Amino acid sequence: MLDNNDTQGMASFPLGGIDEDGRWSFARDNQSVREVVWGLLATRPGERLRMPGFGVGLHTYLHLPNTETTRSLLRENIEANIRAHEPRIQIRELVVEADQASPEQINIRIHYQLLNADTPEILRFSLNLKP
């Protein structure tokens with residue numbers, strides 16, 4: 001069983017199948033962090049049992065106007081969820097900005113560092129508000 005306070009040995013889902021030793025293959029380290037963050041972004045608040053505050057719910061931002069208010073709300077939601085549910089990283093910078101070439105698109109960059117590593121990491125993605 002994994003200890004939630006263990007920041008070095010934490011594994012995450014989805015399972016990667018069975019490895020060559022016949023054990024379940026879990027993502028580890030930065031790959032595990034990336035998977036947890038993607039899970040936070042995609043999960044609707046209240047969707048996860050016994051964790052009503054877990055999840056950003058990116059789908060709730062679809063069809064909203066690409067305004068400073070929308071981007072600010074999204075940024076605050078992402079930051080709060082990562083701080084609450086991903087203790088293995090420190091956010092260095094979180095950028096949520098309008099795409100200059102596409103007015104219905106928001107670009108998001110999460111600059112972070114694993115607490116047990118010296119290498120800074122970046123997770124980038126875009127959200128199209130008018131699918």
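## Basis of the description

Helices (H or I, at least four residues) and strands (E, at least two) are DSSP runs, numbered from the N terminus. The model is a predicted one, in which local features need pLDDT of at least 70 and side-chain atom pairs count only at pLDDT 80 or more, while totals for chains, interfaces and linings use all residues. Residues are numbered from 1 along each chain as its sequence is written, and side-chain values use heavy atoms, with hydrogens and water left out.

## Sheet and packed helices

Three strands make up an open sheet in the order β3-β4-β5, with antiparallel pairing (two strands pair if DSSP finds at least two bridges between them). Because β3 and β5 (120-128) stand at the edges with a single partner strand each, one side of each is left without a neighbour in the sheet. Neighbouring strands are turned against each other by 15 degrees on average, direction ignored (axes are lines fitted to C-alpha atoms, for helices over the stretch in contact, and angles run from 0 to 180 degrees between N-to-C directions).

The antiparallel strands β3 and β4 are joined by nine bridges, and Ile91 has Tyr112 as its bridge partner in β4. Helix α1 (residues 29-42) packs on this sheet, touching β3, β4 and β5, and its direction makes about 25 degrees with that of β5 (contact means heavy atoms within 4.5 Å). Helix α2 also packs on the sheet and touches β3, β4 and β5, its direction making about 165 degrees with that of β3.

## Salt bridges

The structure holds five salt bridges, each defined as a side-chain nitrogen of Lys or Arg within 4 Å of a carboxyl oxygen of Asp or Glu. In helix α2 (residues 68-85), Glu79 and Arg75 lie four residues apart, about one turn of the helix, and form a salt bridge whose closest N and O atoms are 2.8 Å apart. Arg75, Glu79 and Arg83 are linked in a network of such bridges.

Glu86 and Arg88 also meet in a salt bridge (2.7 Å, N to O); Glu86 is buried at 2% relative accessible area, and Arg88 is buried at 3% (buried means under 20%, exposed over 50%, partly exposed in between, with a 1.4 Å probe and protein chains only). Arg109 and Glu97 meet in a salt bridge of 2.9 Å, N to O. This pair links distant parts of the chain, with Arg109 in strand β4 (residues 105-114) and Glu97 in strand β3 (residues 89-98), 12 residues apart. Arg109 is partly exposed at 24%, as is Glu97 at 32%.
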